[in-house]
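These notebook entries record what I looked up in one structure.

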Amino acid sequence: MFGIILVPLCMFTVYAVARRLGASQRLIRVLLLAFALRMGFLFVVRDVQWFSHPAGGDSVGYEMLAGLVVEYWENRGFAYITVDQLPVIGPTTLPINLFALVMYLNGGPTRAGCTAIIAMMACFTCLLFLRLARYLGADEKIAERVMYLILFMPSFMLYTSDMFKDGLVIFCVIGAVGSSTRLARRFTMPDFILGVVCLAAVWGIRYYLLFACITPLLVGLAGFGGRSMVRPVMVSLGIVCMAMAVGAYTHIIEDARESAYTAFDFSYGWRAQLSSHRGGSGVSFDDHGDPTQALPQKLAYTLLAPFPWMSGSFGLNVGKIDTLIFYFFIYRALVAARRLVWTDKALLMTFLTFLVPLTVIYAMSVANVGLVLRQRMPIVVMTMLLATLSWPRAETEAAAEAEHEDDSLPAPGLARQGDPAGE
């Protein structure tokens, strides 16, 4: 019963948050439509064979693991479950605990209730994207159009219409990087808290993204690109001292490294091998077991696959549409980067410290195109955010045109060359 109530409750939450943030009526209607489509697609993505994954996909696995967590709570009491209590759940603990909580309150499995939360987070992700694009100086209409495109991109629709974690992942990534960009301009405690909370959530959703998200946050805290060098120097010294103290007196660095390796093995190891054995989207490179070998080919697959000639599941073929869209926004992002070199180096550094390391990490570990298609979604969204800055704002164009018109008119009291008054 709780799951059924949760669907309209999440939909109303989307409406209330969008209205509180001052969204237009058109934007609110589009968000509600996107939410409704995701809930409707829920009954297709798993139950209709043409759409569904032959092995069930991650959504089935998360539902089963959430059920195990519910059984644990019923037998041993309520607590946040990690691999220490249930090793079988692996490193992805936050979505599983979240789904388990919904199922526990519902008194049983509820795909609709769990998916409603993911669909809501997808809508929140696009709202956050739009606000951040406007904050960074993107044109209003361009930012809104790109947001609509993200909201209805086939792969994003597919992986936010069931019990996947991608909606949570992208929201937390944009929250962390967004707070970094604001901190780079002005330090505020709300932005700092938002960044820390999003980083903590990322740690429980997709471990290795933490290391990609934390660098832009440090760049933001340091305030590189500002007028004064006092803040960057002081913050940099503080970060170094803190890192040395943490490394000397705790085991967090060893634990983080071990967790990162575990996450990579879990994400790329058995699932990639399983896909390859089944004739799926697995790929192999002549790298002799060295992740740094054949890096150009791996980067090409990471950013540009699936290629049009590749065959695979419904999700992989749908991903070809997203990939063609991504090609265009890679070009626009390069245009924006060239502009930011001259106008806002700190902002460009914030983007690059996220996009470049994460792309290289994915490339060094790529073994399954279908998996990379899902996991590079944060890269795609952040690239599209950067690309929104490649178009000049309408106000800037209008001002430039007005200035050009003013320059073409003769100054008061002076005649144009060739006029009778000037002879």
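The entries below run from the whole chain to single residues and pairs.

**Basis.** I worked from a predicted model, in which local features need pLDDT of at least 70 and side-chain atom pairs count only at pLDDT 80 or more, while totals for chains, interfaces and linings use all residues. Residues are numbered from 1 along each chain as its sequence is written, and side-chain values use heavy atoms, with hydrogens and water left out.

**Whole chain.** I looked up the secondary structure and found 18 helices and 0 strands. Helices (H or I, at least four residues) and strands (E, at least two) are DSSP runs, numbered from the N terminus. Of the 423 residues in the chain, 49% are buried. I used these classes: buried is under 20% relative accessible area, exposed is over 50%, and partly exposed lies in between (1.4 Å probe, protein chains only). The accessible surface comes to about 21,100 Å², and 65% of this belongs to carbon and sulfur atoms. Areas follow the Shrake-Rupley method with a 1.4 Å probe; for residues, only the protein chains shown count as cover. I then turned to contacts, meaning heavy atoms within 4.5 Å. Among those between residues at least 6 apart in sequence, 73% join residues at least 24 apart.

**Nonpolar cores.** I searched for sets of buried Ala, Val, Leu, Ile, Met, Phe, Trp, Tyr and Cys residues joined through side-chain atoms within 4.5 Å. The largest such core has 104 residues, and Phe 35, Phe 129, Ile 150, Phe 351, Phe 354, Met 382 and Leu 389 have the most contacts inside it. Helix α5 (residues 111–136) supplies the largest share of this core, 18 residues. I listed the partners of Met 382, leaving out residues up to four places away in sequence: Val 173, Ile 174, Val 177, Phe 351, Phe 354 and Leu 355. Another core, of 5 residues, lies apart from the largest one and includes Ala 305, Phe 307, Met 310 and Leu 316.

Thr 323 is in helix α14 (residues 314–343) and is buried, at 1% relative accessible area. Ile 96, in helix α4, is also buried, at 0%. Beyond its neighbours within four places in sequence, Ile 96 is in contact with Tyr 62, Leu 65, Ala 66, Val 69 and Ile 89. I also noted Ile 205, which is 109 residues from Ile 96 in sequence and 9.1 Å from it in space, C-alpha to C-alpha.

**Aromatic rings.** I counted rings of Phe, Tyr and Trp (its six-membered ring) as paired if their centres lie within 6.5 Å; planes under 30 degrees apart are stacked, over 60 edge-to-face, and the rest tilted. The structure holds 8 aromatic pairs. One of them, Trp 73 with Tyr 104, is edge-to-face, at 5.8 Å centre to centre and 90 degrees between the planes. This pair links distant parts of the chain, with Trp 73 in helix α3 and Tyr 104 in helix α4, 31 residues apart. Trp 73 is buried, at 5%, whereas Tyr 104 is partly exposed, at 38%. Ring pairs link Trp 73, Phe 78 and Tyr 104 into a cluster.

Is Phe 78 buried or exposed? I recorded Phe 78 as exposed, because its relative accessible area is 55%. Phe 78 lies in the loop between α3 (57–76) and α4 (94–106). Together with Leu 101, Tyr 104 and Leu 105, Phe 78 forms a nonpolar surface patch with about 390 Å² of accessible area. Patches are made of residues with over 30% relative accessible area and no salt bridge: like charges are joined within 9 Å, nonpolar side chains (Val, Leu, Ile, Met, Phe, Trp, Tyr) within 5 Å.

**Salt bridges.** My criterion was a side-chain nitrogen of Lys or Arg within 4 Å of a carboxyl oxygen of Asp or Glu. The whole structure gives 6 salt bridges. In one of them, Asp 166 meets Arg 374, with the closest N and O atoms 3.0 Å apart. Asp 166 is in helix α8 (residues 166–185) and Arg 374 in helix α16 (residues 369–375), 208 residues apart. Both Asp 166 and Arg 374 are buried. Asp 191 and Arg 182 meet at 2.9 Å, N to O. Salt bridges that share partners join Arg 26, Arg 134, Glu 140 and Glu 144 into one network.
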